[in-house]
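User: Hey, I've got a model open and I'd like to talk through it. Can you help me read it?
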Amino acid sequence: MQDQYTPKKEDLFTFGLWTVGNRGRDPFGDAVRPPITPLHIVKRLSELGAYGVNLHDNDLVPFDASVAERDKIVKEFKTALSDNGMKVPMATVSLFYHPIFRDGAFTSNNAKVRAFAVQKTMRAMDLGVELGAKIFVLWGGREGVETDASKSALDALKWYREAINFLCEYAIDQKYDLKFALEAKPNEPRGDIYLATTGHMLAFIETLDHPNIVGVNPEVAHEHMSGLNFYHGIAQSIDAGKLFHIDLNDQKPGRYDQDLRFGSESIKPMFYLVKLLEESGYKGPRHFDAHAYRSEDEKGVWDFALGCMRTYNILRDKARQYASDPEIQELLRDIRAAGGTDDYGVSKYSKDKANKLKTATFDVQALSSKGSSYERLDQMVTELILGVRGDSRTRALETKAKAAARA
Ligand code: GCO
Ligand code: MN
Ligand code: MN
């Protein structure tokens, strides 16, 4: 089926090799799907309209591969990319899978493990750059604890900072056109992970030696795990100039990290998210870090991938409808007009303004008694998302036009 929501290269949709490649393993059950080779993933995703694929070092090159094996795999993969017109905009490193990282990577109590983690990351950066990546994601899945008796959180933060500073220097030294995007998660696999939310990351970045080349990679599921408003977190990341990448997926509240198909659970929050990404001029890839239900076979995996992209395009279209809906826009104008103007100049301090403001009188009674019309507004948005609003609007316009024609 081809329609206006069919994904296209210019939509900049990307998937991790590990996402469509997810085999449905969980802590209670083994893999349910056979592996899909990276070469096949590249081909199928391209056919579906994706722009590119992203990868951890070990999604492509096994942990213990020799240099010769690595070079052969990378060469074949590059051929598949160019044959299928696919890009690798982002690369990352697995610092969580191998048992050596059982007590953390950059924050392990063991200095040799910390050094090994930095070495592995430098090699993954080399691989990413070789494949054309401009963004390098760091997700510290093992950077945490089960017991705070094990290490001082201040030491852990110091080690974490030193490792990222080292890697920034390496990127600069190598003249790599590469920026880092830090991804937060509150817990899982560790009991508690350091730098638990995007907000923590934004504050941490300002303590680094090269904050200009470090931003964030927020993930829907991870902020929702903490009960946070993802749209607000993204707005703050954009406001700080730090939205370098994004992990789109979905999540029911109060669960383990589900990494569900984009928009499969939180349609309304994802509507505001897509509206924000599109209207703010976010230029980065729309990356899906999600996987198919464990119930699915390979066919279900491609249904899942197409579903992520279609839902994004449908929500983008809904955002356009919202911007051109006369009734919604009129109500928004009324709401803004009712808000008045900044007569006291609080947008910028001056001594004079402060003195005037301190003695000004406000009609507190009047300001407290007026309602906001948000119930009406939200119902219109709800009906727009549910797909009935377009119809009723067309009907109203038709009725109006008929009435005008009769008169
Ligand atoms: C998760 C994480 C990971 C990371 C990825 C990049 O679901 O817990 O999002 O998927 O994004 O491993 O390092
Ligand atoms: Mn996740
Ligand atoms: Mn992620």
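User: Are E183 and D289 buried or exposed?

Analyst: Both E183 and D289 are buried, meaning under 20% relative accessible area with a 1.4 Å probe and protein chains only. Keep in mind that this is a predicted model, where local features need pLDDT of at least 70, side-chain atom pairs count only at pLDDT 80 or more, and totals for chains, interfaces and linings use all residues. Residues are numbered from 1 along each chain as its sequence is written, chains are lettered from A and ligands numbered from 1 in the order in which they are written, and side-chain values use heavy atoms, with hydrogens and water left out.

User: New topic: how far is an oxygen atom of ligand 1 from a polar side-chain atom of E219?

Analyst: That distance is 2.6 Å. For E183, an N or O atom in the side chain is 2.7 Å from an oxygen atom of ligand 1, and for D247 the value is 3.1 Å.

User: What kinds of residues make up the shell around ligand 1?

Analyst: Three are nonpolar, three polar and seven charged. Ala, Val, Leu, Ile, Met, Phe, Trp, Tyr, Cys and Pro count as nonpolar, Asp, Glu, Lys and Arg as charged, and the others, Gly among them, as polar.

Terms used
A polar contact is a pair of N or O atoms within 3.5 Å; within protein, one must be able to donate a hydrogen and the other to accept it, and residues adjacent in sequence count only if both atoms are side-chain atoms. Buried means under 20% relative accessible area, exposed over 50%, partly exposed in between (1.4 Å probe, protein chains only).
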